[in-house]
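Hi,

Here is the structure I promised to pass on. Have a look at it first, and my notes follow below.

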Amino acid sequence: MELQENQYVYIQSYKHDGSLHRTWAMGYVLEANEKRIVAVTNRTLVSESDGRKWVTREPAICFFYPDKWYNAICMIRKTGIHYYCNLASPSIYDGEAIKNIDYDLDVKVSPTGKTMLLDEDEYEQHAREMAYSKALDRAIHKGLDRLMVDIRLRNSPFEHHEINALYERYLACMELEKKQ
């Protein structure tokens, strides 16, 4: 089954050992093609592996790639666009959900472009506990390098005009949905 634009999709993130890490109850699909899936979450229920549940506070435009070792969550806040990037396996849609494996390392990007690498200790711990191979470690760090280049060069999705245009498109879709 192929993912269609203007439909809702379930999002699942796993850990390397196959355990479920986090789920998003639904994302609204703005784009679904061979290059990327773009889904918007807005006041979406998130379930954590430890049983905690919470609802997202702001709209976020999420980018999932079939060929990149990261995904990006672009949060629309009053203070600007904030990015939270997960180092993760390339994402797939299998007819049930958008799925990937989360590899702990994260990069936060402020509206001004300042970056912060997070969870290096967690990555090292899980790499030992789950026996990440050398090839996997190289792929993840190559993904991190690519992510940092994309951020620095303001490649998609790190270009505010693109995010604003996608958000406007999402709002227009929600207006249409209300009228139906």
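A quick word on terms: I call a residue buried under 20% relative accessible area, exposed over 50%, and partly exposed in between (1.4 Å probe, protein chains only). Bear in mind that this is a predicted model, so local features need pLDDT of at least 70 and side-chain atom pairs count only at pLDDT 80 or more, while totals for chains, interfaces and linings use all residues. Residues are numbered from 1 along each chain as its sequence is written, and side-chain values use heavy atoms, with hydrogens and water left out.

Salt bridges first. The whole structure has 12 of them, each being a side-chain nitrogen of Lys or Arg within 4 Å of a carboxyl oxygen of Asp or Glu. One of them pairs Arg 36 with Glu 31 at 2.9 Å, N to O. Glu 31 counts as buried because its relative accessibility is 13%, and Arg 36 is buried with a relative accessible area of 13%.

Another joins Arg 77 and Glu 58, at 3.1 Å from N to O. That pair links distant parts of the chain, 19 residues apart: Arg 77 sits in strand S7, and Glu 58 in the loop between strands S5 (53-55) and S6 (60-64). Strands here are DSSP runs (E, at least two residues), helices are H or I runs of at least four, and both are numbered from the N terminus. Arg 77 is partly exposed at 30%, whereas Glu 58 is buried at 13%.

There is also a network of salt bridges linking Lys 15, Asp 102 and Asp 104. Asp 104 belongs to strand S10 (residues 97-109) and is buried, with 1% relative accessibility.

Strand S7 (residues 70-77) also holds Tyr 70, which is buried at 0% relative accessible area. Tyr 70 and Leu 144 are 74 residues apart in sequence, yet their C-alpha atoms are 7.6 Å apart in space.

Finally, the surface. Asp 119, Glu 120, Asp 121, Glu 122, Glu 124 and Asp 137 gather there in a patch of negative charge. Patch members have over 30% relative accessible area and no salt bridge, with like charges joined within 9 Å. Helix H1 (residues 120-129) gives the most to this negative patch, with 4 residues. Asp 119 is in the loop between strand S11 (115-118) and H1, and is partly exposed at 31% relative accessibility.

Cheers

Note on methods
Patches are made of residues with over 30% relative accessible area and no salt bridge: like charges are joined within 9 Å, nonpolar side chains (Val, Leu, Ile, Met, Phe, Trp, Tyr) within 5 Å. Accessible areas come from the Shrake-Rupley method with a 1.4 Å probe; for residues, only the protein chains shown count as cover. Lys and Arg count as positive and Asp and Glu as negative; His and the chain ends are not counted. The place of a charge is taken as NZ of Lys, CZ of Arg, CG of Asp or CD of Glu.
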